[in-house]
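Good morning, and thank you for joining. I would ask you to look at the structure on the screen while I take you through a few of its features.

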Amino acid sequence: MAELDPTRAKWVQMVTVIESRISDGTYPAGSKLPGILALCAEFNVAQVTARKALADLRDRGLIRTENGIGSFVV
């Protein structure tokens, strides 16, 4: 489970961790990210928080989301 700083917004911290994983190759281009429930369990957050983090990554062009399929690194 990822340790989050209680003084910062959880979704922002999730974005930082996932972005780092994309940069270091843990999640290479074309790979599928863990699903919402897996991210919620890993980061101990609600689904709305995980969705907000993924939306930010998508808005910044780091991932793409296919409804019903998942999120993928671009």
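Predicted model: local features only at pLDDT ≥ 70, side-chain atom pairs only at ≥ 80, totals over all residues.

The largest pocket has 16 lining residues, and those nearest its centre are Ile36, Arg51, Leu54, Thr65 and Ser71. A pocket here is an open set of points on a 1 Å grid over the protein atoms alone, where a 1.4 Å probe fits, with protein on both sides within 12 Å along at least five of seven lines; lining residues have an atom within 4 Å of a point. Helix H3 (47–59), strand S1 (63–66) and strand S2 (70–73) are the elements that each give two or more residues to this lining. H3 provides the largest share, 4 residues. Helices (H or I, at least four residues) and strands (E, at least two) are DSSP runs, numbered from the N terminus. By type, the lining consists of 6 nonpolar, 6 polar and 4 charged residues. Here Ala, Val, Leu, Ile, Met, Phe, Trp, Tyr, Cys and Pro count as nonpolar, Asp, Glu, Lys and Arg as charged, and the others, Gly among them, as polar.

Residues are numbered from 1 along each chain as its sequence is written, and side-chain values use heavy atoms, with hydrogens and water left out.

Let us turn to the helices. How do H2 and H3 cross? Their axes come within 9 Å and cross at roughly 105 degrees, so H2 is roughly perpendicular to H3 (65 to 115 degrees). The axes are lines fitted to C-alpha atoms over the stretch in contact, with angles from 0 to 180 degrees between N-to-C directions. Ile36, Leu37, Leu39 and Cys40 of H2 meet Gln47, Ala50, Arg51 and Leu54 of H3, contact meaning heavy atoms within 4.5 Å. These residues divide into 6 nonpolar, 1 polar and 1 charged.

Between helix H2 (36–43) and H3, the loop contains Asn44. Asn44 is not a glycine, yet its phi is positive, about 55 degrees. Asn44 counts as exposed because its relative accessibility is 52%, the cut-off being over 50%.

Finally, Glu42 lies in helix H2. Apart from neighbours within four places in sequence, Glu42 is in contact with Met1, Ala2 and Arg21. Glu42 and Glu3 are 39 residues apart along the chain, with their C-alpha atoms separated by 9.1 Å.

Definitions and conventions: Buried < 20%, exposed > 50% of the residue type's maximum accessible area, 1.4 Å probe, protein only. Parallel < 35°, antiparallel > 145°, perpendicular 65-115°, else oblique.
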